[in-house]
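I opened the notebook today to go through how two chains of one model meet. The entries below follow the order in which I looked things up.

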Amino acid sequence: MKLQHHLGGLEGLEGPIDFERRVFVEDWEKRIFGIHTAMMGLSASLRDALPGYDIDSVPTTFDSTWTWADLRTGAEAMDPFDYFRLRYYEKWLGGISAFLVEQGYVDRDEFAAATARYRADPDAPLPGRAEPAIDAQVQRYLREGDSPRRGPATPDFAVGDTVVVADPPAADHTRLPGYLRGRRGTVERVFEGNYAYFHSTGEDGLGDPVPVYVVRFDPHELWGASAEAHAGPLYAELYQSYLTPGPEARR
Amino acid sequence: MTERFSYPDDREAASAAQVRALEALLIEKGVISGQTVDKVLGYFESEMTPLNGRRIVARAWVDPAFSDRLVADTPKAVSELDLPVGMAGAEGEHLAAVRNEPGVHNVVICTLCSCFPWPVLGLPPYWYKDPVFRARAAREPRVVLTELGVPLDDDTEVRVWDSSGHSRWFVVPQRPAGTDGMTEDELAELVTTEAMMGVALAAAPGAGTR
């Protein structure tokens, strides 16, 4: 069980919300966002993407898969204290740096030396190597994306069906919000098509294309006595792997 | 005694140096070019900005049939408008709109991470990613909305949408009273990112920005 999977509804965080409207609060944050987004646009996994990217012809030395699933897996693996201590892009910087060192794109000692150099001289320029074909692929990824839709829908459930959310073993990565485990809801919408996930989440159940639903939950089913006054419904988008038939549908 | 939440004195300077070193090495090693990061940032500064979302909402306000199409098939309706190329691109592959109406107020959250409709609203602001917001908005959205200055009567149903799947959700706020006769461009100015996530209302000029 990981705290990061159970953040929704967590009690005790009664303090005020930090209503910071800025996207970046430090200039350096923009650079790690740009690096992450470029890596997604150059990811080896885009070979199988629907827009038909010619990834193998892009003159980059990057030959790894880097997707949201990889970034999220890192965030979910963090010590929960660090998860709360660090700002959003500090988590990104830690996770992406670790990945690039581990994959051998960046040597640990070289990285430490370069960091010391820029620490001593923050205005030292970046290398100026031009490679328009890399930038063109990243731009194309931004414009055309990476839709997970694959094949026609094969739904086991229909609008109005009662479903009970599964409770699979905690995995390295999940798209199942913890507060929904074991809860009963009603199918509100069945999406057209099936949807894959970036990689298999193992026993958690994602990966292969499956139907996706909007499921409506009664707040009292989710929170019991902790539901707020005049509480309304909560809707979650759930992969079929996370749903089981409701009580009246069981044999 | 261990301090669990201490920060180094050079917190920002250290991160700034680390990210610059990382970018420099990635350029040297041929992973990215010297312009890649600037080009990514430029895309979000010039093309994928909240202006797109504001224009979508303003059109929905002046054209009820468009508003209905927007809710029924969001990607198709968005593609009708003259917006930058890429509305179905990264983090916009499957856009989904929900509409506020008298008696119904929608809030979009992402309790597992920070899913956000990039082409419609650009990149997510910090409040959306705040763990306290994500924890509380799921369980007590009315309390949170009251704190953030959104007035709600008891009869208004608050609907929370947790972005845990492939869709990227946004809210079509209600058109404020007193805006008859305003042009679509003028109306677009009344829409904020916060209103399109449901933590604010669109307000008529002079009625306050919340």
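**Chain B against chain A**

I began with the contact count in this predicted model, and I found that 93 residues of chain B are in contact with 106 residues of chain A. I then looked up the area buried between chain B and chain A, which comes to about 9,000 Å², with carbon and sulfur atoms giving 61% of it.

**Polar and charged pairs**

I turned next to the salt bridges between chain B and chain A, of which the count is nine. I looked at the one that B:Glu47 forms with A:Arg143, where the closest N and O atoms are 2.6 Å apart.

**Which elements of chain B take part**

I listed the elements of chain B that each supply at least two residues of the side touching chain A, among them helix 2 (36–46), helix 8 (131–139) and strand 4 (168–172). Helix 1 of chain B gives the largest share of that side, 18 residues. By residue class, I found that the side of chain B that touches chain A divides into 47 nonpolar, 28 charged and 18 polar residues.

**Strand pairing across the chains**

Finally I checked the strands, and I saw that strand 4 of chain A (residues 234–239) pairs with strand 3 of chain B in the parallel sense, over three bridges. In that strand of chain B, B:Trp161 is the bridge partner of A:Tyr235.

How values were computed:
Residues numbered from 1 in each chain as written. Chains lettered and ligands numbered in written order. Predicted model: local features only at pLDDT ≥ 70, side-chain atom pairs only at ≥ 80, totals over all residues. Heavy atoms only, no water. Contact = heavy atoms within 4.5 Å. Buried area = accessible area lost by both parts, 1.4 Å probe. Salt bridge = Lys/Arg side-chain N within 4 Å of Asp/Glu carboxyl O. Helix = DSSP H or I, 4+ residues; strand = E, 2+ residues; numbered from the N terminus. Nonpolar A, V, L, I, M, F, W, Y, C, P; charged D, E, K, R; others polar. Pairing = 2+ DSSP bridges.
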